[in-house]
Amino acid sequence: MTRGNATSLASHNGSDLHGIPVVEICVEGLDGLLAAQRGGADRAELCASLVEGGITPSMGTVKQALRLAKIPFYTIVRPRGGDFLYSETEFQTMLDDVEMLREIGAPGIVIGCLTADGRIDEERMKALASKAGNMQITCHRAFDMTADPHEALEALIRCGVHRVLTSGQRNSALEGAALTAALVEQAGDRIIVMGCGRLNVDNIAEVRRLTGLREMHFSAPMQQPSAMIYRNLQVGMGGTDADREYRSTVTNPDAVRATIAAARA
């Protein structure tokens, strides 16, 4: 499957390989996408339920995003939180979601399937890539849960994936900088390595310097209180934090703007 090299892909997505990095913001829902857009993001990863690490948003959300977004967005296709070892029914759902996203004109998908022993599930990733057609394909941080990241990178290249999201298999991009730098070198022009992992205004420039990344990914969440006046605190919709019913996580466009400026300083 031929999908072009990383140089042409980067050019298509606004990246200057010798200068300004592409910045992608991970968002929850349409309001998050629009906030990231206001903050100057080059691209967004569109998710539902970031508290679970991101799961597939509704098709209605994606359709509205196609109407309103002025920046590209890639939609996560992940049927649930937790690990990346999916049942057959979960995988069939992913195939259907990718097909529907392609049919409605979504520009890209974010996927990741592993085998039980911590390898990229090439059979399933190739099947998803085939369903995707001409959509851009990112492998999400399932990659950071692989047993051998160097072999996993080669597997993603074989599957026709355009970019891989990684924190260097550590909780933060700074901790994983050495591995990320090695992956950037290994990837060359065959696949784009996109860095993530607790990136913020204070560390993003240092991570870029240490790794040579030309695409970077972060979220900029803030808590927004509910506008509800009447509140029944005797009922919760899930979890043990009753107050969670009366606040939501949204994207902070000011934090997006400041972090992008720091990355490009």
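Visitor: Which residues of helix 4 meet helix 5?
Guide: Glu88, Phe91, Met94, Leu95, Val98, Glu99 and Arg102 do, and their partners in helix 5 are Arg124, Ala127, Leu128, Lys131 and Ala132. Contact means heavy atoms within 4.5 Å. This is a predicted model, where local features need pLDDT of at least 70 and side-chain atom pairs need 80 or more, while totals for chains, interfaces and linings use all residues. Residues are numbered from 1 along each chain as its sequence is written, and side-chain values use heavy atoms, without hydrogens or water.

Visitor: What makes helix 4 roughly parallel to helix 5?
Guide: Helix 4 (residues 88–104) and helix 5 (residues 122–132) pack at about 25°, with axes 8 Å apart. Roughly parallel means an angle under 35 degrees, so helix 4 is roughly parallel to helix 5. The crossing is right-handed.

Visitor: At what angle do helix 6 and helix 7 cross?
Guide: Roughly 35°, and the axes of helix 6 (residues 149–158) and helix 7 (residues 177–187) come within 11 Å. Pro149, His150, Leu153 and Glu154 of helix 6 touch Leu179, Ala182, Leu183, Gln186 and Ala187 of helix 7. Six of the residues in this contact are nonpolar, two polar and one charged.

Visitor: Why is helix 2 called mostly covered?
Guide: Buried means under 20% relative accessible area, with a 1.4 Å probe and protein chains only. In helix 2 (residues 29–38), seven of the 10 residues are buried, so the helix is mostly covered. They are Gly29, Leu30, Gly32, Leu33, Ala35, Ala36 and Gln37. Among the elements they pack against are strand 1 (22–28), helix 3 (59–68) and helix 9 (253–263). Gly40 follows helix 2, with a positive phi near 100°.

Visitor: Which residues touch the most other members of the largest nonpolar core?
Guide: Leu33, Ile109, Met125 and Leu156, out of 62 residues. A nonpolar core joins buried Ala, Val, Leu, Ile, Met, Phe, Trp, Tyr and Cys residues through side-chain atoms within 4.5 Å. Helix 4 gives the largest share of this core, five residues.

Visitor: What does Met125 touch?
Guide: Leaving out residues up to four places away in sequence, Met125 touches Ile111, Gly112, Cys113, Ile120, Cys139, Leu156, Cys159 and Val161.

How values were computed: Axes fitted to C-alpha atoms, helices over the stretch in contact; angles between N-to-C directions. Helix = DSSP H or I, 4+ residues; strand = E, 2+ residues; numbered from the N terminus. Parallel < 35°, antiparallel > 145°, perpendicular 65-115°, else oblique. Left-handed = near helix turned anticlockwise from the far one by under 90°. Buried < 20%, exposed > 50% of the residue type's maximum accessible area, 1.4 Å probe, protein only. Nonpolar A, V, L, I, M, F, W, Y, C, P; charged D, E, K, R; others polar.
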